[in-house]
Amino acid sequence: MKVSVVAHPQFVVADIDPRLYGSFIEHLGRAVYTGIYEPDHGTADQSGMRRDVIDLVKELDVPIVRYPGGNFVSAYNWEDGVGPKEERPVRLDLAWHTSESNEVGLHEFADWCVSANTEMMLAVNLGSRGLDEARNLLEYANHPGGSEWSDKRIANGRKEPFDVKLWCLGNEMDGPWQIGHKTADEYGRLAHETAKAMRAFDSSLELVVCGSSNAKMPTYPEWEATVLDHTYNEVDYISLHMYFDNHANDVGNYLAMNQKLDDYIMSVAGVIDYIKAKKRSSRQVYISFDEWNVWYHSKEQDKKTLAGADGWPFAPPLLEDIYTFEDVLQVGLILNTFIRRSHVVRIACLAQLVNVIAPIMTAPNGPAWRQTIFYPFLFASRYGRGKALDLKVKSPTYKSDTAGEVSCLDVSAVHDEEGGFVSFFVVNRSDKEMEAEFDVAAFGSASSIVDHQVMTHADLKAVNTETNMDNVAPKKADTATLSDGRLSATCAPYSYQMVRIKV
Ligand code: AHR
């Protein structure tokens, strides 16, 4: 079956914000303890951070990491995580029914971010706490000195401010499971007043207000309209979350789900426009899609801990989804959607980064390895920076129950004007082979293929494990051809590929 794709340097969606390739670390399960932090590990640095994990995070080139939650933040006292470690309290974490030692807090995480070549996106607790704690944390983190909270930071060993620019005003406040859950009006008022106070300290901060936890919430999309009505002129982004599952074990429907994601994004973009017009506002609010991933493999296994059957364990394995080859395709499709909608989705965070629904896994006292989904994220993060192209794609389609008619071949492309590259990210979500032809003549005739990576597997359920780490991995290919401005590639059934050409 044939697919035709036309790319042109003047058909541009947007300049991609590199923070589209952000991620997330929550105090949950083994994300922090035995994930990024394990003082007794053979690779641990002076601060107890695992260097093998840092290397893998650097490989992914993640520009921002959201911290410290997630549901965890809604009952978190940030003060517990600063000061001498031996004086830090052990707390019960009500979100995940575990114990939190507070060995890692703001200072340790900030240092880790420097080592991992990334920046903090910090969330304040608007569940059990409010405006006062948020402004104190901001003063502690960002004020140079000479005030109570900034002097405490200095006394705790950090002279220079952390200078955190991007702040989340709580987490999933629409969810009844959230500690301190609120109605849209209650949350909207609180978020507005908190944003106002934070801006009074520094008007250049970037603030993210909570949107819906997913598009199935009964309050969606009225939640977005009400919350933005309260906050529109004080915030920069509205946060959305979505997780994908193949509980039904139906690959065709599973791989059509990014169409649902697209609908969700565009509906919220419509709500943003509506409130912008209502307020006669000249400012533009964008979407921060700060939690997304496949999440379902571990759900049954987690039920015991979450129900309290294990008591209050420290850093138990939780949400440890082991990803399949099929999930490679899903993650590729989600990233394609974000690239195509990068004019409204400016920030996105793969949830999460290590051990907890994550591209990187670790064994305590053992190795770290790449899960299957590591790779599509790696290629998008590395080569998906520049201008997202508005492609014209003609592809055969198939009918799904999840999202109606979807194209067999799903494609996005990014033009790195400075480097002179165009990268195509191609997912064949059908069981048919596709012959794809890309018309790239508008980029000039002297183009050549500089990289071609392909992921296929005979078993859609294939996984990477500690003893078989490279079972699912990309292979460099030389099957694509480029001549007379036409790039041709054969796309095997259920395959992912990245083709990068010099222009
Ligand atoms: O990422 C796991 C959890 O999913 C987060 O804590 C929460 O925000 C969401 O429901």
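Y264 and F289 are both buried, a term applied to residues with under 20% relative accessible area, as against exposed at over 50% and partly exposed in between (1.4 Å probe, protein chains only). The structure is a predicted model, in which local features need pLDDT of at least 70 and side-chain atom pairs count only at pLDDT 80 or more, while totals for chains, interfaces and linings use all residues. Residues are numbered from 1 along each chain as its sequence is written, and side-chain values rest on heavy atoms, with hydrogens and water left out.

Aromatic pairs are defined between rings of Phe, Tyr and Trp (its six-membered ring) whose centres lie within 6.5 Å, with planes under 30 degrees apart counted as stacked, over 60 as edge-to-face and the rest as tilted; by this rule the count comes to 17 aromatic pairs. One of them joins F72 and Y76, which form a tilted pair with 4.9 Å from centre to centre and 40° between the planes, and both of these residues are buried. In the pair of Y264 and F289 the ring centres are 5.8 Å apart and the planes stand at 90°, so this pair is edge-to-face. Because Y264 lies in helix 8 (residues 258-278) and F289 in strand 11 (residues 286-294), the pair ties together parts that are 25 residues apart in sequence; helices (H or I, at least four residues) and strands (E, at least two) are DSSP runs, numbered from the N terminus. Y264 and F289 also belong to one aromatic cluster, formed together with Y220, W292, F338 and F377.

The ligand is surrounded by 13 residues, the closest being E26, N71, E172, Y243 and E291, where a residue is included if one of its heavy atoms lies within 4 Å of the molecule. The protein covers 96% of the 280 Å² of accessible area that the ligand has on its own, areas being computed by the Shrake-Rupley method with a 1.4 Å probe.

W312 is placed in the loop between helix 9 (299-306) and helix 10 (325-340) and is partly exposed, with a relative accessible area of 33%. By contrast, G105, in the loop between strand 6 (98-100) and helix 2 (106-115), counts as buried at 0% relative accessibility.
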